[in-house]
Amino acid sequence: MGAPMKPQFTGARVTRLEDARLLSGQGHYLDDIAVQGMLEMVFVRSNRAAAKISSIDLSQAQKLSGVHAVLTAKDCPVNLYTKSYDVGQPVLADGEVRYVGEPVVAVIAENRYVAEDAADLVHIEYQPLAPVIDSRKALNEEPRRVFSHRPNTFFHKEHETDGFQEAFRSAPNHLSQTLTTNRQTGVAMETRACAAMTDPLSGRLTFYCSHQSPHELRTQLTQLLGLAENQVRVVVPEVGGAFGIKAMLYPEYFVTAIASQKLKRPVKWISDRTEGMQSDAHARDNIHEVQVAYENDGRIIAIVDRVIGNTGAYPFRGFPGAVGEAGWATDMLTGPYKVPHVSITIDCVFSNKTPVGAYRGVGGPVGAWVHEAVVDAVARRLKMDPADVRRVNLIQQEDFPYETPTGELYDPGSYSESMEAALKLVNYEEFRKNQAELRNQGRYLGIGMCVFVEPTAGVSSEAGSTPYESASIRMEPNGTVTAALGLGPSGQGHETTMAQIIADQIGVDVKDVVVLHGDTDSAPFGGGTGGSRSGAIGGGAAIRAGQEMRKRLVKLAAHLLEAAEEDVELEAGQAQVAGVPSRGIPIRDLARTAYNDVSRLPDDMPIGLEVVARYRPQRSATYSNGTHVAVVEVDIRTGLVTVLDYAAVNDCGTLINPTIVEGQIHGGVAQGIGSAFLEELRYDADGQLTNTSLMDYLLPVSTEVPRMKIEHIQTPSDGEGGFKGMGEGSLIAAPAALANAVSDALAPFQVEVTEIPVTPAQVVQWTSRT
């Protein structure tokens, strides 16, 4: 088979093909789905964090004109049970509620307005219970157990390296910190939504959902609804942001499907923003109690990390959030540094808060903040430059492949190289020279950095546990290409990046490739989108499918040109004999022959041009890396923090599309600013979420996001294409870099940031106290 030509599109800044549709308002989102006879559903949700349900009176709601059904737990006997923890969430609360926002009653009516009016007529009597809110108290079973039949601590793990105790004891220096990350959530522009349609004759269910993993969702629906997989079709239209929260399995999905089955009518549910804040997966509710042993030259010898993770009222089926967060954070505890010893203890507890699930980066932002806060703390105590402490600890090129004390096996990266490049981008040495003078003028500027490692293309993630991805390619009779993958994009640009890869493999123009996704009836079975797997695993599948199609085209061209297959190359829409461009045939003519002139096909070649290929990486993960550096100014009078400069150097292996990679970095840094300074879901002592709208749950606006200086390093993986994932790296790095920058700015006040987000009130308190 002829080798592919030098890539024309992979690595190029191809304009996103989907943008013409999306930016002109032609995208088709879930709320755009409207069919004749469609009903709408709303939920009556618990307004108590913890209570027994004494009674539910539906009579007035059922009488309202336009109401078709009012459902309770007895009508929807589905429980999202997790066997390993012996608990599960009923899709409608059954006898007890465990968090504010838990669905209790579903009302289905002719339209949303009638359904909302009817929901107001549902009367529920509660018998209050003492809410379990505080993580440490929950660990001690205070004030009670969330589930009467089992302790609040549902997950415990310990890991300690051989020789840890002696190494820690004999070290000349020690420090300790308690680092707290407060709750937040991924606030997608499009709220969660779904719609169900049941064929009245066959009973086949078509389920529309704003989701990240179409096939995984189909599997979950069939398992819990007792349907065969060929009796369920999942369709994911455009998704207006997901960030992990739309990979979770929620009770509303099952209630919508059951309602459609019962009523034999299409039923749609669209979450409003308050519902979203109360019931979308929360994240980041962690406490890390850290101790560090280190040498006089800054080398870190050992780290102790005692973690308490608060998962809320229920574990998400397939992805209990606190376990995932604590596991990632501690697996990556040493980050890019050669720390030989760790001692880790994890306890995850139930509480009467909203369940914790996946949010972009999962435990990565927490783990990165821990190891970067540790490095800066060591530097401060030794009166060393934080960059120099990193230099003596960073894993170097000669160390790869490198196994961490938690068992991660890093493939080659550019840890030192990325840090040095990022420091140059912000003129680090010059900044340090000017910093003292600015402080004398009453201006408090600080610089913070995060050197990060991101595990990508993992065997399992929030999107599911499918360790491979699939791609189908069909070349149409006119030579254009239709491809489909099992991915679940939500704005990442897959229609462009996958088309770039395929176009290079089969020698056509990228604009002649259409990439489909999101329909289990047409897309090959795949693992969806999550865990930064789409580029590395999905891209690998696209390459494999492209290779198979190239074999077919080369075989046919060689037959028609009477040439050896190894002499045929595909380039710019032409199959030609290498070095003899005049001896060639347009690829569109090959396609026409494969369908319409089949007597000319080789005897052993099937009619048509269609292939399906799957790709499973040999590695359990491949590791991206990079460095972010932030420069901030802190106004000690108002407590406000302004980001003045920001640099990111990213290494995600072979680049598919630099513009799309940079867009991911921009978005992740924006979310990181939210994590570091703005976003916090606040509960009061009664378990009430006190900020349930975007008026008081603060998100960064465009004026708060700085222009960024971005550079790329490419250290290819040993996987197909040399790709590594990168969708989460920028949010992993940004909070740590920003928090460290505030600590650096406020060093004259002896301030070390140990809790995020950093609020203006905290800054004023710290600086006033000193």
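What share of the contacts in the protein with a separation of 6 or more comes from residues 24 or more positions apart? Such residues account for 80% of these contacts. The legends below describe views of this predicted model.

**View 1. Overall dimensions of the protein.** The C-alpha trace spans about 85 × 75 × 50 Å along its principal axes. The radius of gyration is 28 Å, which agrees with the value near 27 Å that a compact globule of 770 residues would have. The protein contains 33 strands and 19 helices.

**View 2. Interior and surface of the protein.** Of the 770 residues, 62% are buried. The accessible surface amounts to about 28400 Å², and carbon and sulfur atoms contribute 48% of this area.

**View 3. Charged side chains of the protein.** There are 94 negative and 68 positive side chains. The centres of these two sets lie 2 Å apart.

**View 4. Position of Thr72.** Thr72 belongs to the loop that joins strand 3 (67-71) to strand 4 (79-82). Its relative accessible area is 9%, and because residues under 20% count as buried, Thr72 is a buried residue.

**View 5. Surroundings of Thr72.** Leaving aside residues up to four places away in sequence, Thr72 touches Ile56, Leu58, Leu92, Val104 and Val105. One of these partners, Leu58, is 14 residues from Thr72 in sequence. The C-alpha atoms of Thr72 and Leu58 are 9.3 Å apart in space.

Notes:
Residues are numbered from 1 along each chain as its sequence is written. This is a predicted model: local features need pLDDT of at least 70, side-chain atom pairs count only at pLDDT 80 or more; totals for chains, interfaces and linings use all residues. Side-chain values use heavy atoms; hydrogens and water are left out. Helices (H or I, at least four residues) and strands (E, at least two) are DSSP runs, numbered from the N terminus. The radius of gyration is taken over C-alpha atoms; the globule rule is 2.2 Å times the number of residues to the power 0.38. Buried means under 20% relative accessible area, exposed over 50%, partly exposed in between (1.4 Å probe, protein chains only). Contact means heavy atoms within 4.5 Å. Accessible areas come from the Shrake-Rupley method with a 1.4 Å probe; for residues, only the protein chains shown count as cover. Lys and Arg count as positive and Asp and Glu as negative; His and the chain ends are not counted. The place of a charge is taken as NZ of Lys, CZ of Arg, CG of Asp or CD of Glu.
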